[in-house]
Amino acid sequence: MDQLEQRLTQEFQRQFVGYSIAIARHGRVKRTLVSGLARRDADGRKEWRPRTRANVASVSKSITAIAVLQALEANGLTIEAPIAPYLPAGWTRGRGFRQGQSVTFRQLLTHTSGMGQRFARLKANGNEGPWGNDWDGLKFAVEKGVAARFLGADKYAAGNRNYKNSNYALFRIIVPKLWRIAQGQDGSGVRKANHGALFALYVGEKVLVPGGVQQASCVEPASGGHAYAYDWNDPDGAGSAFNGTLQNCGAHAGWRLSASHLARIAGRADCNSANSWPDDRKLLSSPACFARTVRRLGWDNDSNGSSSRTKDRYWHGGDLFSPKQRPRRAIHSCMVVLPDGFSVGAIANSDSRDGQGVCGKILDAAEFL
């Protein structure tokens, strides 16, 4: 623990406007490291604290994967099940989203559905709009469908992978329907007006509260004091709040959490650590945890590689940027499971001075484990 703390400090110090790091063992936070400013003077100066929250962006996908596995298990389904039965009945279905011809839950979870490639083709032809991650944008994406090759025997091939937010954004609609069905309803009550709130309610009840997170949202409360994003080279400029909305909350991005929350959730969903928790506090069953690890569901595709830096390590990062022109305000986050029951959560509210990402810094610091 001391060595990991020391190495993390070496990697992060003087690299960001500010940061917060939490180290957990078997899902229990043991150390927190904070430095710098969560908000600069232009936004009402606030220092980073262990409980300071921020928009963790795509780290939300790792949390969504936990929720999806829970919802599938509650309905007696596996990740190989088709998603078509759980899409809104009134939507026009393109190829890949029809009964008997459907992409699977595993394809969404691993970004192998073909949605990213379909968007690229539409964009090349000038027809990508109104594709987006809200209800109407996802409806348009489902209508356009995917190429036939994504439905064949090699649908999980590495060459089919294309990281696309809409793969996970669809779960904001699908998971509430699965939740209703598991409760003996038909799921038809999941609509545009309520799907975001239902998804947030499900994830809060099934993942966040058992993981030790209270009152989570994608919207900063008026008294929240959450961290803002900054450009290191613009010391007097205001930051970006990157505030979200409840309607589009949490499936592909947007949860506002602390580094301690990330370390705790990562640890409690780690297969090795989960066995030490009582059933009412476990986030995943043993079979679901095994599937998440083997298939890298909700984890970066480079997780559990062959090098000493990546073997037996699982992570997902999150990145938010202001427009590309300067000042480039940025916030970066990462959730990492490490060997021997360790997990780390980290949030930094600027690009690093050396150009390395937050996940990379954690992996470098923990290479000795």
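User: In the hairpin of β1 and β2, which residue takes a positive phi?

Analyst: That's His26, with a phi near 55 degrees, and the hairpin has 2 residues between the strands. Keep in mind that this is a predicted model, where local features need pLDDT of at least 70, side-chain atom pairs count only at pLDDT 80 or more, and totals for chains, interfaces and linings use all residues. Residues are numbered from 1 along each chain as its sequence is written, and side-chain values use heavy atoms, with hydrogens and water left out.

User: How many bridges join β1 to β2?

Analyst: Strands here are DSSP runs (E, at least two residues), numbered from the N terminus, and two of them pair if DSSP finds at least two bridges between them. Here 8 bridges join β1 (residues 18-25) to β2 (residues 28-39), running antiparallel. Ile21, for one, sits opposite Leu33 in β2.

User: And which residue is the bridge partner of Leu37 in β3?

Analyst: Glu47. β2 and β3 (residues 46-47) are antiparallel too, joined by 2 bridges. Their hairpin has 6 residues between the strands, and Gly44 takes a positive phi near 85 degrees.

User: Which residues touch the most other members of the largest nonpolar core?

Analyst: In soluble globular proteins, nonpolar side chains tend to be buried together. A nonpolar core is a set of buried Ala, Val, Leu, Ile, Met, Phe, Trp, Tyr and Cys residues joined through side-chain atoms within 4.5 Å; buried means under 20% relative accessible area (1.4 Å probe, protein chains only). The largest one has 74 residues, and Phe105, Leu170, Ile174 and Trp255 touch the most other members. A second, separate core of 22 residues includes Phe342 and Cys359.

Notes:
Buried means under 20% relative accessible area, exposed over 50%, partly exposed in between (1.4 Å probe, protein chains only). Helices (H or I, at least four residues) and strands (E, at least two) are DSSP runs, numbered from the N terminus.
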